[in-house]
Amino acid sequence: MTERPNDSVDALQITLADLATAIDWPDTPRLSLSVAAAIRSSGRESRAWRPARRGLLLGLAATLLLAGAAAAIGIALGGLRIISGGPPPGSPLPDALVVERGFGERTDLDTAARSLGGLLVPDLPALGEPDHVFFDARTGAAAMAWGDRDGLPADPGTGLGIVISQFRADIGPSTFEKLINSGTRVEQAVVGVTTGYWIEGGEHFFYFRLADGEVLEATIRLVGTTLMWERDGLTLRIEGAPTLADAVRIAESMQLR
Amino acid sequence: MEGRPLTDRELIERARAGELAAYEELVRRYEQQAFRAAYLVCRDADEASDAAQEGFVRAWQALPRFRAGAEPRPWLMRIVVNAARNRRRGSGRRAGLALRVAQDRPSDGAAPSPEVAILAGERRAELLAAIETLPDDDRLVLGLRWFVELGEAEMAEILSVPRGTVKSRLSRALERLRVAMKERAADD
């Protein structure tokens, strides 16, 4: 029998449509009730949302103004943040390690935020303020590092627990080819409403492309896990989180300053 | 109060203004499709339920980033499907047969003869079994298209790929399904 492919596909589609009417689906749970209850229990039900883009721009402008004013009169905004709680800073990071891992110059959050044109910082009590903040003028990348925290243990060799890096660049398609070729496991992961990448295993490395098109190889700060995603024009990566859930929790708490 | 049901866009605008009841109504409209889409990914009813709930809560939290004027349904479904995919990866296991054909399903029309009903049931079960042999991605696109009854444009948004990619994935999945069915027929 001769068979034309299109006829066969059409017949198959009809069969699939017929099958759809006969599928024995599990009962749909009353999600509207459970979702509303979950939102109420989180205490966020009465929050009024601002339009995202406008809110972001206003927030960024306000942050820059506040940071600028603070710098002008010599007040450390970090002092205000300490009141909100958080664990004490970890041990000092040796200068040799700072150079070896390519962190850049030591700085503070407000200066890094000004240098980068906005900095995303985790708002998570378990993490608190970063113990170390860096800015690398060559690559335009900021980095924040935390030492040992409850549930987020530091690497005993370096004293580094979590390291978050961010820069204005896109990830670029060659990035993950390189990672995959090097045998590292890469999975897509959801961060907020964007797709990111969860990278596990071995000493992975990657490239990123600056706004002017220059491609740089990024220096890895911690061997282990990396969550990488893009938000607000920044490419971010969290290194050292024990699990994807930990990394996503940190990522989704981040607020622009 | 308007004398007509609110549109999805009206509901999501109210939700963006903080009105939880509006969001609850939006979830009610799409909870079945969302749950079924999550079920196609998770292949377990409890996991799918948790994933769908997680997705809808995430979407509530992400309302500030919803693009004004966009269609809410594919946006919501995308977040739910992504939550389901994360759960599936996290579980690290491949669940067993997810979909089944209902037996002795009552018909609105004239009941078929027992012989016809058995033949139809066998044909459907055979098709489902062939679908189960396909890779996850193939099963998902076929399931979203024919079992959750989503259009290609919505699927493109849900899967975060261009519409042309949805077309080509569907085409490839159908082709592999045809091959799988022929192989099963040859084995019998």
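**View 1. Overall make-up of chain B.** Buried residues (20 or more other C-beta atoms within 10 Å of their own, with C-beta atoms placed from the backbone) make up 40% of the 188 residues in chain B. The structure is a predicted model, in which local features need pLDDT of at least 70 and side-chain atom pairs count only at pLDDT 80 or more, while totals for chains, interfaces and linings use all residues. Residues are numbered from 1 along each chain as its sequence is written, and chains are lettered from A and ligands numbered from 1 in the order in which they are written. Chain B has eight helices and zero strands, where helices are DSSP runs of H or I with at least four residues, strands are runs of E with at least two, and numbering starts at the N terminus. Along the sequence the pattern is α-α-α-α-α-α-α-α. Of the contacts in chain B with a separation of 6 or more, 68% join residues 24 or more positions apart; a contact requires C-beta atoms, placed from the backbone, within 7 Å.

**View 2. Confidence along chain B.** The mean pLDDT (the predictor's confidence in each residue, from 0 to 100) is 83 for chain B, with 84% of its residues at 70 or more. Among the elements, H2(B) has the highest mean, 93, and H5(B) the lowest, 76. Over residues 104-109 of chain B, pLDDT stays under 50, and the model has one contact beyond four places in sequence for this stretch. Where pLDDT is low, the predicted coordinates should not be read in detail. The model scores are ipTM 0.84 and pTM 0.51.

**View 3. The side of chain B that touches chain A.** Here 47 residues of chain B are in contact with 39 residues of chain A. Two or more residues each come from H2 (20-42), H3 (45-61), H4 (72-91), H5 (114-132), H6 (136-147) and H8 (163-187) of chain B. H2(B) gives the most, nine residues. By class, this side of chain B has 26 nonpolar, nine polar and twelve charged residues; Ala, Val, Leu, Ile, Met, Phe, Trp, Tyr, Cys and Pro count as nonpolar, Asp, Glu, Lys and Arg as charged, and the others, Gly among them, as polar.

**View 4. Packing of H6(B) and H8(B).** The axes of these helices, lines fitted to C-alpha atoms over the stretch in contact, come within 9 Å and cross at roughly 105°, with angles running from 0 to 180 degrees between N-to-C directions. H6(B) is therefore roughly perpendicular to H8(B), a term for angles of 65 to 115 degrees. From H6(B), Asp137(B), Asp138(B), Val141(B), Leu142(B) and Arg145(B) meet Val166(B), Arg169(B), Leu170(B), Ala173(B), Arg176(B) and Leu177(B) in H8(B). This contact has six nonpolar, no polar and five charged residues.

Technical notes
Contact = placed C-beta atoms within 7 Å. Buried ≥ 20, exposed ≤ 12 C-beta atoms within 10 Å, placed from the backbone. Parallel < 35°, antiparallel > 145°, perpendicular 65-115°, else oblique.
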